[in-house]
Amino acid sequence: MKALLTLARAIDALNEQIGHALRWLVLIATLISAANALVRYGLGESSNAWLEIQWYLFGAIFLLGAGYTLKHNGHVRIDLIYGRLSERSRALVDLLGGLLFLLPFALLMIWYAWPMFMASWHGNEMSPDSGGLLRWPVKLMIPAGFGLLALQGVAEIIKRIAVLAGVLTLDPEAPLEQG
């Protein structure tokens, strides 16, 4: 169990670092969006590349941040019963949810997204829009994001098994939007 908890801590640290790095992408995307609007409406110029880079950055933030969000219990959940359960019961619900839903879904998404990325990579796929960007970097975000989510799912499953084994107690972290 000790080795598994060490693995879970390493996965937590990875997603924590990625989550902190993604904060910079939010700033960059905001600055690009503002500059694009100023140039478009102030100078009457436009570029599809600037629009596409905004979309790519949003996709990277959303997809690569899913593991970080899971780590911090920030995903949307309808909490009618869950909040009233004991720590042990919550751990069991989380364990079953991770094993039956989260991991299979994340792995399925990786399975289906990887060939799409590889085809884009090998074909050097470009946006069909004038001045558009390469498509493979944004298509890589899908398997990478779901890979990070699956890894964090493994870490959460390990932690829930440790709770059920009486080795670990979890701090009930509030969702990010609550503070």
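Tutor: Helices (H or I, at least four residues) and strands (E, at least two) are DSSP runs, numbered from the N terminus. By that count, the chain has five helices and zero strands, and its elements run α-α-α-α-α from the N terminus on. This is a predicted model, where local features need pLDDT of at least 70 and side-chain atom pairs count only at 80 or more, while totals for chains, interfaces and linings use all residues. Residues are numbered from 1 along each chain as its sequence is written, and side-chain values use heavy atoms, with hydrogens and water left out.

Let's zoom in on helix 2, which covers residues 48–64. Why start with confidence? Where pLDDT (the predictor's confidence in each residue, from 0 to 100) is low, the predicted coordinates should not be read in detail. Helix 2 has the lowest mean confidence among the helices, yet that mean is 92, while helix 5 (residues 136–164) is highest at 96. Over the whole chain, the average pLDDT is 90, and 95% of the residues score at least 70.

Now for the helix itself.

Next, look at which of its residues are tucked in. Buried (under 20% relative accessible area, 1.4 Å probe, protein chains only) are Ala49, Glu52, Gln54, Tyr56, Leu57, Gly59, Ala60, Leu63 and Leu64. The buried residues of helix 2 pack against helix 1 (2–43), helix 3 (66–71) and helix 5. Across the chain, 32% of the 179 residues are buried.

Follow Leu64 further in. Along with Met141 and Phe146, Leu64 has the most contacts (heavy atoms within 4.5 Å) inside the largest nonpolar core, a group of 14 residues. Such a core joins buried Ala, Val, Leu, Ile, Met, Phe, Trp, Tyr and Cys residues through side-chain atoms within 4.5 Å. Helix 2, helix 4 (87–122) and helix 5 each give two or more residues to this core, and helix 5 gives the most, with six. Leaving aside neighbours within four places in sequence, Met141 is in contact with Ala60, Leu63 and Leu64. Apart from that core lies another, of six residues, including Ile11 and Ala155.

Finally, step back to the whole chain. Among contacts with a separation of 6 or more, 73% come from residues 24 or more positions apart.

How values were computed:
Buried means under 20% relative accessible area, exposed over 50%, partly exposed in between (1.4 Å probe, protein chains only).
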